[in-house]
Amino acid sequence: MVTILAEKPDVGNKIAAALDKIYLSNGKTVEFSSLKANEKAVKSQQNKDGYLKIQYKGHDCYITWGFGHLCSLKQAADYVPSYKNWRAMPLPYIPNEYEIMLRTSNNSSWDSKVAKQFNIVKDLFQKSDMIINATDFDREGEVIFAYIYELSGVDKPVKRACFTSQTKEGIIEGFTKNIKNGEEMKNTESAGRMRGIADWVVGANLTVAMTLKNPGAGVMSIGRVQTPTLAMLVDREIAVTEFKKSPYWAIEAEFTNQKGESFKAKHSQEKILEKSKAEELFEKINGHDGVVSDIKKKKVKKEPPLLYSLSALQMDANSKFGFTLDKTLEIVQKLYDDGFTTYPRTNSQYLTEDMEPTVNNVLNKLATVSIYQNLINGRPRTFDKKHYFDNKKVESHFAIIPTGNIPKGLPDEHKKVYDLICRSVIKMLYGPATLEQTKVTIDVNGETFKANGSIIADAGWMIVGDASKTEILPDMEVGEVLKGDYKLCDKMTEPPKRYTDKTILAAMLSAGKDLDDAELKKLMSDPKTGGIGTEATRAAIIQTLIQREYIVREKKTLRATEKGIDLIKKLPLEQIKSAELTAKWERRLADIARGTEDASAFRRDFETTVANWVRVINSKVALTQCNYGTVLDGVKCPLCGKPVNIVEEKGYICSASKEGCKFIMSMTVAGKKLTENQVTKLLKDGETAVIKGFTGKTGKKFDSKLKLDENGKIAFIDAKLQ
């Protein structure tokens, strides 16, 4: 008997239908092509049984699944229940062994569902002669399987199915041509385990240490990737808010040649700091013609863009359509789940050297789509192989490409992302674009003006999309006289720009360094490069920072809040705030996956480092003293009934906090500082009237009542956008 473990139920039904067919209890069979039409019946049987039974290579085979993570690392209180009270927890707290358990939540029905499914998986594992791991073929997928396998207590041989698309052909290939022995994935599994443990040790120790040192500030969440990302946003916010604008002056010109063709130019001194000097220069040139004194022309080849990694796709979708990182990931994940594109969480922009026939097949299918026909048909099928195919630059997964399974009726946002991916492959048929760059120097009564522009001499791949946005200059000759129209402009220096989704992703990839587009392109083309986070986690990190109110999204920009700035200012650990250290850890995790780094050595290093960090917090962070002399009149703690104290600039804290009561309420809720009257009404009556001026996670303003739940937490009710 064989058991196949999929990551999620919907992947399980695709595997069953691809390898055989799904046998429903009413006697009907469901083929891969009819999955969608029979989705309700298949899901009903999956929910009832927790598995699908098929025939696989002549054996009885049971396909079962998790719900993503069925198991997780134990928390501190799971080792010692008294550690639920963080004050009872010894710091640093580093277990001798990191144990796992069934994943739990605050939802008892969900916990029951997880326990039921785990018991089904465990029973099938115990009865099996062989187990096939068919979770996502990456670090996280290996850990999902490894935790379930470990907790089930079995010792059965394991195979690993490696499929990169959820088409029928892709799944079959994953179970035939691309199946591996489980032992071949042990390094990837070790890297996944170490990533989870490192995150646990950092979060459990530093979050508790900082929170206990700052009563009244709420939970001060610290994370291995989260904190350096927040630090970058905080540094930028401080640079923006503390920027002192200063005036300068500039002289701009519009020149017109004898044919009536016009173009713009700037004085060679772009920033003139003294107004009197600017006025003097303006008087000198105003009313005078210009004379072309020099023309330099240079032909520049612009290579086609590489194929898409997830990060490259997220950056393009953000700059072109304004999509957030998590929005693009959500869309491309759905395109993958529906079998239209290959695996999305890839850090490579290359294909393996044996994939040329695959690309040709995809192009044949895309050539049947009307908007792509003229771009593909008639083009020679020759590729710049070094530019697109490189085994050394493909690790677990190759670049994102279409599968050739053509979608119909996609939602508009999905269509836009799918179109980007399709055009990236079509560009493989085209050569470089050639731009003719021109630099013109104009003399005006002894003063120099400069104009830059270019024309597209050979569009090459730009025919497919992304034509260069450049200023086009008219033809000119040295000595030609131009009519000039001049403006003296009052200007102010500008602060640095706040991060967008695209630029914070670029900063995470480059470990906080400011890179130009060429440097970033080079960085992204090498999947062995560091950076912080992974393709799978960067979008989630930004969402976590928003959910914890450390940053807000305002239209297209991301801004650190006072809460986020306060955390970074109080945290005395420059290393954990530094993107560089986290990038080094990320590189070591990648090296563990490659088998060139020892996992136990990495574990010893980060455990020692975190223990030292805890000692620094305990020695350098002075305990914030609460002003217990100020009592909120007539108000009792909703949890224990004791008086509630006002802690200056911190919040409202139960007077019995030293005895263990955990009630803390911030003075600011969703960007709105509450008045004492509003807080009093909330704590006495359990609900307020409508309060205006809250700011949502997307930056939009809204009005709402506040309600206190049984755990002393605030909920919004009857909220309305302004």
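This is a predicted model: local features need pLDDT of at least 70, side-chain atom pairs count only at pLDDT 80 or more; totals for chains, interfaces and linings use all residues.
Residues are numbered from 1 along each chain as its sequence is written. Local features need pLDDT of at least 70, side-chain atom pairs count only at pLDDT 80 or more, totals for chains, interfaces and linings use all residues, and side-chain values use heavy atoms, without hydrogens and water.

Me: What makes α11 oblique to α18?
Reply: Helix α11 (residues 325-337) packs on helix α18 (residues 538-547) at about 135°, with the axes 8 Å apart. Under 35 degrees is roughly parallel, over 145 roughly antiparallel, 65 to 115 roughly perpendicular, and the rest oblique, so α11 counts as oblique to α18. The crossing of the pair is left-handed (the near helix is turned anticlockwise from the far one by less than a right angle).

Me: Which residues of α11 and α18 meet?
Reply: Leu325, Asp326 and Leu329 of α11 touch Ala539, Ile542 and Gln543 of α18, where contact means heavy atoms within 4.5 Å.

Me: Which residues of α11 are buried?
Reply: Among them are Leu325, Leu329, Val332 and Tyr336; buried means under 20% relative accessible area with a 1.4 Å probe, protein chains only. The buried residues of α11 pack against α1, α10, α15, α16 and α18.

Me: How do you know that the span of α7 agrees with what 28 residues should give?
Reply: The expected span is 1.5 Å times one less than the number of residues. For α7 (residues 186-213) that should be 40 Å, and the end C-alpha atoms are 40 Å apart, so the two agree.

Me: Why is α7 called mostly covered?
Reply: In α7, 23 of the 28 residues are buried.

Conventions. Axes are lines fitted to C-alpha atoms, for helices over the stretch in contact, and angles run from 0 to 180 degrees between N-to-C directions. Helices (H or I, at least four residues) and strands (E, at least two) are DSSP runs, numbered from the N terminus. Buried means under 20% relative accessible area, exposed over 50%, partly exposed in between (1.4 Å probe, protein chains only).
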